[in-house]
Amino acid sequence: MTKPSLPELLHAAVTAVGGTERPGQAAMADAVATAVDDQSHLLVQAGTGTGKSLGYLVPALAHGERVVVATATLALQRQLVERDLPRTVDALHPLLRRRPQFAMLKGRSNYLCLHRLHEGVPQEEEEGLFDQFEAAAPSSKLGQDLLRMRDWADETETGDRDDLTPGVSDRAWAQISVSSRECLGASKCAYGAECFAEQARERAKLADVVVTNHALLAIDAIEGAPVLPQHEVLIVDEAHELVSRVTGVATGELTPGQVGRAVRRAAKLVNEKAADALQSASEGFERVMELALPGRLEELPEDLGYALTALRDAARTVISALGSTRDKSVQDEDAVRKQALAAVETIHGVAERITQGSEYDVVWYERHDRFGASVRVAPLSVSGLLREKLFTDRSVVLTSATLKLGGDFNGVGASLGLAPEGTAGDDIPQWKGLDVGSPFDYPRQGILYVARHLATPGREGSRTDMLDELAELVEAAGGRTLGLFSSMRAAQAAAEELRGRLERPILLQGEETLGELIKNFAASPETCLFGTLSLWQGVDVPGASCQLVVMDRIPFPRPDDPLMSARQKAVEEAGGNGFMAVAATHAALLMAQGAGRLVRATGDKGVVAVLDPRLANARYGSYLRASLPDFWYTTDRNQARRSLAAIDAAAKADEK
């Protein structure tokens with residue numbers, strides 16, 4: 001029997017999922033197959049509706065080596081494991097004459113811990129464990145969630161938090177889960193043989209395709225101890241998110257509350273001298289943090305340096321003491337000790353990292369309304385880490401609807417540690433960029449309207465002209481508006497203003513769960529939905545409910561964002577254009593994602609309105625516009641209103 005061709009395999013898979021074959025999908029599959037065969041790297045931009053998951057799954061499954069697919073969102077992980085992979089495997093099985101296996105793998109804290117569930121949670125004030133189910137009032141939300149989770153534990157096959165519906169708060173989940181540092185290890189744990197996290201790892205070792213998330217991929221790269229099984233092909237979907245997810249994993253944080261909890265956990269397990277030293281260091285750190293003002297710390301303040309050095313040294317002593325003492329009065333001491341050790345090791349690690357003062361780290365104070373002050377440390381750049389850890393010993397395919405910014409892939413490539421496309425050299429990873437386009441006819445389906453006549457937005461103050469413009473556009477569109485704002489304050493101000501002016505429902509992020517808001521927005525064409533960051537990327541509402549997408553301003557990072565401003569300064573000191581490399585790239589990526597909310601299906605029509613004249617007037621405006629879908633472009637406000645009114649009238653006629 002001859003080996004089936006890639007077009008045959010793709011046809012079988014697309015038919016199985018009930019999709020439509022598209023030229024962009026075929027081009028993508030061909031390019032992925034070539035990259036995998038050549039062990040080279042590929043950045044591929046595939047617009048919404050291309051069918052990109054099959055565009056990479058089919059050639060990867062046909063190749064036959066183990067593949068890891070890392071995604072950013074839970075929705076895509078579910079789609080892959082529950083829909084695309086089962087159907088694709090079934091369709092390809094007769095042609096490949098083998099049945100590829102697939103599995104989902106996440107970090108340990110995503111799985112229910114049977115030890116924690118049955119033996120209890122280490123207590124803060126006293127030694128030993130307490131029953132969290134008894135301690136929580138049954139009538140409280142926490143108590144109800146705990147009881148529901150206990151029932152769920154008897155029936156779940158995976159123990160995966162994402163399989164628990166409806167979900168529970170982080171606080172509730174923390175009562176029945178452990179981090180990898182807190183885990184006793186399967187050999188020492190009484191529940192090791194039944195452990196959900198261990199079972200997930202075993203399934204992953206046997207699978208041909210392992211679906212995971214960006215965070216676990218980052219942990220695998222940063223911590224050196226392999227979490228993912230050995231693999232020959234890595235596919236990163238939603239790759240525009242990768243740098244921020246890796247940065248998040250590589251960021252350390254210390255708060256007085258966190259340090260205090262670690263002191264209480266360790267105090268009864270070590271000698272009095274070690275416990276007192278850690279307590280004293282904790283109090284000193286808390287005093288310093290009471291006076292902390294938000295902002296970057298280019299030089300470590302003397303008082304913070306002393307406090308962190310004391311914390312580091314006291315934590316090191318406690319870590320040594322925890323390893324050598326045993327206390328017979330503590331029930332299930334291994335679990336108590338492991339949790340205390342994990343908490344103190346985290347403090348030691350972050351304190352040491354900040355006091356060492358690496359030129360490759362950025363340190364800053366943050367203040368939170370609920371949690372008070374914290375000191376944070378993050379890498380100035382993760383590009384070197386990604387180049388070293390990601391692009392060696394395997395073929396890497398990175399894909400997203402938004403990778404080509406300002407007309408090429410080099411901006412995103414640089415953030416991933418890649419030299420400009422085509423750069424030769426022995427130690428330089430070779431890669432190609434490919435834009436397979438979109439099945440949508442953007443110039444016919446959408447208009448990009450820039451409100452050139454408005455005043456340039458300032459840092460603070462109300463934008464009366466912008467709110468007037470917004471109200472007129474919403475009215476012309478008959479509702480049907482997704483409002484994307486650069487801050488929560490701006491979204492709230494706009495919602496409050498328009499609720500007073502218009503007779504239309506205005507939904508606001510934060511007033512209901514995101515899922516509920518999106519469902520209500522999709523169900524009622526007259527409704528508007530206003531919000532901030534997660535709406536720029538997380539809304540998929542095809543049809544007449546979303547025919548106007550409004551951006552209040554270009555979403556540059558805030559000037560006082562410590563990490564972004566440090567990255568910008570570093571590029572400038574190296575002779576580059578920091579604004580374009582950092583701020584403009586950040587804005588372009590978000591705007592491309594935001595504009596992508598408008599056209600989600602071949603029948604969709606509408607307007608993306610940017611209420612910031614800089615997109616038309618500033619020199620960098622052309623770079624940002626080149627990063628957006630190829631909509632028909634206008635700065636004529638009357639044209640925008642007429643188009644919206646016509647689209648609204650057509651939608652109403654269809655609704656009758």
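**Notes on helix packing and the sheet**

1. The crossing of α1 and α2 is right-handed (the near helix is turned clockwise from the far one by less than a right angle). Helices are DSSP runs of H or I with at least four residues and strands are E runs of at least two, numbered from the N terminus. This is a predicted model, with local features needing pLDDT of at least 70 and side-chain atom pairs pLDDT 80 or more, while totals for chains, interfaces and linings use all residues. Residues are numbered from 1 along each chain, and side-chain values use heavy atoms, without hydrogens or water.

2. Helix α1 (residues 6-16) and helix α2 (residues 23-38) have axes that come within 11 Å and cross at roughly 130° (axes are fitted to C-alpha atoms, for helices over the stretch in contact; angles run from 0 to 180 degrees between N-to-C directions).

3. Leu6, Leu10 and Val14 of α1 meet Gln25, Ala26, Ala29, Asp30 and Ala33 of α2 (heavy atoms within 4.5 Å).

4. Further along, 7 strands form an open sheet with parallel pairing, in the order β16-β17-β15-β18-β19-β14-β20 (paired strands share at least two DSSP bridges). At the edges, β16 (506-508) and β20 (632-634) each pair on one side only. From one strand to the next, the twist averages 15°.

5. Helix α27 (residues 637-655) lies across β14 (446-450), β18, β19 and β20, and runs at about 145° to β14.
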